Amino acid sequence: LRLGPEAFSSSPNPSGVIGSTPGGAAPPAREPPFSVFSVLVVTLLVLLIAATFLWNLLVLVTILRVRAFHRVPHNLVASTAVSDVLVAALVMPLSLVSELSAGRRWLLGRSLCHVWISFDVMCCTASIWNVAAIALDRYWTITRHLQYTLRTRRRASMLMIALTWALSALIALAPLLFGWGEAYDARLQRCQVSQEPSYAVFSTCGAFYLPLGVVLFVYWKIYKAAKFRFGRRCRAVLPLPSTVQVKEDPQEAEMVFTARRPMVAFQTSGASWREQKEKRAAVMVGILIGVFVLCWIPFFLAELIGPLCACSLPPIWKSVFLWLGYSNSFFNPLIYTAFNKNYNNAFKNLFTKQR
């Protein structure tokens, strides 16, 4: 219930008893605390939190239980799932509590505010950088599949995971370690990421704009590599008719036909197994990057522009952009498991065994 001046005005009468509005009129009827639209929105957000947590937890359980997944690149997928599980378990519920309070006030104290903001920045940053790490791993797999051996992939992936979490922790804890702004405003009862302009530039660039540049560059290179390989495959098919025209010497023709027959059968049957795998990887990376950009770019544009120009968006748009970014943690496991048949089979076996 809304209390205070915005609900109804009161003034003391001569006898010292608090009365209603001037003129003795009855106070206006109080509005219900939640409208039908608000209840629907809260229900959708609760379902989003539950689905994000359960789906990423399912991915983690599958990776832990299936031995075939105990190798690269599934440790990158596991790292992404860990960050998204933490977003759903620790960040999104407290954000929903803040949304439900009147005026988006923070009523849980200064200490819990710092814990929430630190986990929010660290887990979301780790989720974003894990997407960049997956894109890099797919790029090296496609373009350097001979040099990028299993041992090299394992070392590279572990290094990327360590750097991802270290950088995420640094960005999240910088305000607390170096006094870089304050997250909690006791007067306004507000809890938000430090609005110090220099920290806004540092955090947004380190958490979003730098990995955004990495994933866009990687996908551009993947597209060029796929285009070059497709053109080379087409050029390999074009000289085949001239081979058939050589009929003067039967032995030579037979020998040429025998040498070329496997390639003719290979080309007519479509792309090779490796090319199909690379094509699925390229499509997966493209969708992953597209969803990542659509989910996070509105929020980080607002986070960068707001402190620099000392302006602020309406609270409703802040909430929309924030939850749109959180939804990326729900889409991540859907994307990188939808293009992998091993995950689908593992999910089926997991539920079959439980029954």
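These exercises work through a few features of the structure shown above.

The model is predicted, so local features need pLDDT of at least 70 and side-chain atom pairs pLDDT 80 or more, while totals for chains, interfaces and linings use all residues. Residues are numbered from 1 along each chain as its sequence is written, and side-chain values use heavy atoms, without hydrogens and water.

**Exercise 1. Find the disulfide and describe it.**

Step 1. A disulfide is a pair of cysteine sulfur atoms within 2.5 Å. The whole structure holds one disulfide.

Step 2. The bond joins Cys113 to Cys191, with an S to S distance of 1.9 Å. Cys113 lies in helix α3 (residues 110-143) and Cys191 in strand β2 (residues 190-191), so the pair links distant parts of the chain, 78 residues apart. Helices (H or I, at least four residues) and strands (E, at least two) are DSSP runs, numbered from the N terminus.

Step 3. The torsion about the S-S bond of Cys113 and Cys191 is about 95 degrees, so the disulfide is right-handed.

Step 4. Buried means under 20% relative accessible area, exposed over 50%, and partly exposed in between (1.4 Å probe, protein chains only). Cys113 is buried because its relative accessibility is 0%; Cys191 is buried at 11%.

**Exercise 2. Decide whether Ser157 and Leu177 are buried or exposed.**

Step 1. Ser157 is in helix α4, and Leu177 is in helix α4.

Step 2. Ser157 has 0% relative accessibility, so Ser157 counts as buried. Leu177 has a relative accessible area of 58% and is therefore exposed.

Step 3. Contact means heavy atoms within 4.5 Å. Leaving out residues up to four places away in sequence, Ser157 touches Val72, Asn75 and Leu76.

**Exercise 3. Locate Val293 and list its contacts.**

Step 1. Val293 belongs to helix α8 (residues 273-309).

Step 2. Apart from neighbours within four places in sequence, Val293 is in contact with Leu212 and Pro298.

Step 3. From C-alpha to C-alpha, Val293 and Ile128 are 9.9 Å apart in space, and 165 residues apart in sequence.

**Exercise 4. Describe two spans that UniProt annotates as "transmembrane region".**

Step 1. The annotation, from an unreviewed entry, covers spans including residues 36-64 and 321-339. Its positions are in the numbering used here, feature names are shortened, and annotations may be inferred rather than shown by experiment.

Step 2. Residues 36-64 are 100% helix and 0% strand, and the end C-alpha atoms are 42 Å apart.

Step 3. Residues 321-339 are 89% helix and 0% strand, with end C-alpha atoms 28 Å apart.
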